[in-house]
Amino acid sequence: MFWIIALIILGLFLLVVEFFMIPGVTVAGIGGFLIIIYAVYSAYADHGTTAGHLTLLFTAIASIATLVLSLRARTWKRVSLETSISSKAVEELENEIQVGDEGVTISRLAPMGKASIKGKTVEASTIGELINPNTPIVVVHVETNKIIVKPK
């Protein structure tokens, strides 16, 4: 009977891993499901109908309890990362590049591409028109993560 309980616990563990840690349907989920089915089948085959029914009932209750405990927010707060990122990737560019600054395109802006503005290579975009490489440009708008330019 110990092996049946161990198989049920292992199957439930694999299902929790499948649902919350591994995306998609993988070997862990299928294996966990099959292990639980085999444990219940073994209880019926080796210990009789009464033990099989009790094992099935225990497995159903344990499955529901495991699901409820896994979905509680406090359970995942213990293992989740609690730091936050407050910086921006282009923060330095916002301070250096201003509206009206001039530069030249490095690649074709269709509508996004590379440009050199104030000696810095940045990703820039146009309002709609295509701009060929080595074309003089002027900065029209600077957003948090986007520099919008137009031909000079």
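Which residues in α1 meet which residues in α2? On the α1 side they are I4, L7, I8, L10, G11, L12, L14, L15 and E18, and on the α2 side A28, G29, G31, G32, F33, I35, I36, Y38, A39, S42, A43 and H47. Contact here means heavy atoms within 4.5 Å. The residues of this contact divide into 14 nonpolar, 6 polar and 1 charged. In that count Ala, Val, Leu, Ile, Met, Phe, Trp, Tyr, Cys and Pro are nonpolar, Asp, Glu, Lys and Arg are charged, and the others, Gly among them, are polar.

Welcome to the rest of the tour. This is a predicted model, in which local features need pLDDT of at least 70 and side-chain atom pairs count only at pLDDT 80 or more, while totals for chains, interfaces and linings use all residues. Residues are numbered from 1 along each chain as its sequence is written, and side-chain values use heavy atoms, with hydrogens and water left out.

**The chain as a whole**

The chain has 5 helices and 5 strands. Read from the N terminus on, its elements run α-α-α-α-α-β-β-β-β-β. Helices (H or I, at least four residues) and strands (E, at least two) are DSSP runs, numbered from the N terminus. Of the 152 residues of the chain, 28% count as buried. Buried means under 20% relative accessible area, exposed means over 50%, and partly exposed lies in between, with a 1.4 Å probe and protein chains only. Among the contacts in the chain with a separation of 6 or more, 43% come from residues 24 or more positions apart.

Helix α1 covers residues 2–20 and helix α2 covers residues 27–47, while helix α3 covers residues 49–71. The table shows how they pair up.

| Helix pair | Axis distance | Crossing angle |
|---|---|---|
| α1 and α2 | within 7 Å | roughly 160 degrees |
| α1 and α3 | within 11 Å | roughly 30 degrees |
| α2 and α3 | 6 Å | about 160 degrees |

Axes are lines fitted to C-alpha atoms, for helices over the stretch in contact, and angles run from 0 to 180 degrees between N-to-C directions. The axes of α1 and α2 cross at roughly 160 degrees, which makes α1 roughly antiparallel to α2. Likewise, α2 and α3 pack at an angle of about 160 degrees, which makes α2 roughly antiparallel to α3. Angles under 35 degrees count as roughly parallel, over 145 as roughly antiparallel, 65 to 115 as roughly perpendicular and the rest as oblique.

Now for handedness. α1 passes α2 in a left-handed crossing, whereas the crossing of α1 and α3 is right-handed, and so is that of α2 and α3. A crossing is left-handed if the near helix is turned anticlockwise from the far one by less than a right angle, and right-handed if clockwise.

Where α1 meets α3, the α1 residues are I4, I8, L12, V16 and F20, and the α3 residues are T55, F58, T59, A62, S63, T66, S70 and L71. This contact divides into 8 nonpolar, 5 polar and no charged residues.

Between α2 and α3, residues I36, A39, V40, A43, Y44 and H47 in α2 meet T49, A51, G52, H53, T55, L56 and T59 in α3. Here the division is 7 nonpolar, 6 polar and no charged.

**An aromatic pair**

The structure holds 1 aromatic pair. F2 and W3 form this edge-to-face pair, at 5.7 Å centre to centre with 70 degrees between the planes. Rings of Phe, Tyr and Trp (its six-membered ring) pair if their centres lie within 6.5 Å; planes under 30 degrees apart count as stacked, over 60 as edge-to-face and the rest as tilted. F2 is exposed at 61% relative accessible area, and W3 is exposed at 66%.

**Loops and a strand**

Most residues other than glycine have a negative phi, and most peptide bonds are trans. The peptide bond from A110 to P111 is cis, with omega near -15 degrees, and P111 lies in the loop between β1 (102–105) and β2 (112–117). K118, in the loop between β2 and β3 (120–126), has a positive phi near 55 degrees and is exposed at 53%. N134, in the loop between β3 and β4 (136–142), has a positive phi near 60 degrees and is exposed at 63%.

Finally, I147 lies in strand β5 (residues 147–151) and is buried, at 5% relative accessibility. Not counting residues up to four places away in sequence, I147 touches I97, I117, V122, E123, A124, S125, V139 and H141. The C-alpha atoms of I147 and E123, 24 residues apart along the chain, are separated by 7.0 Å.
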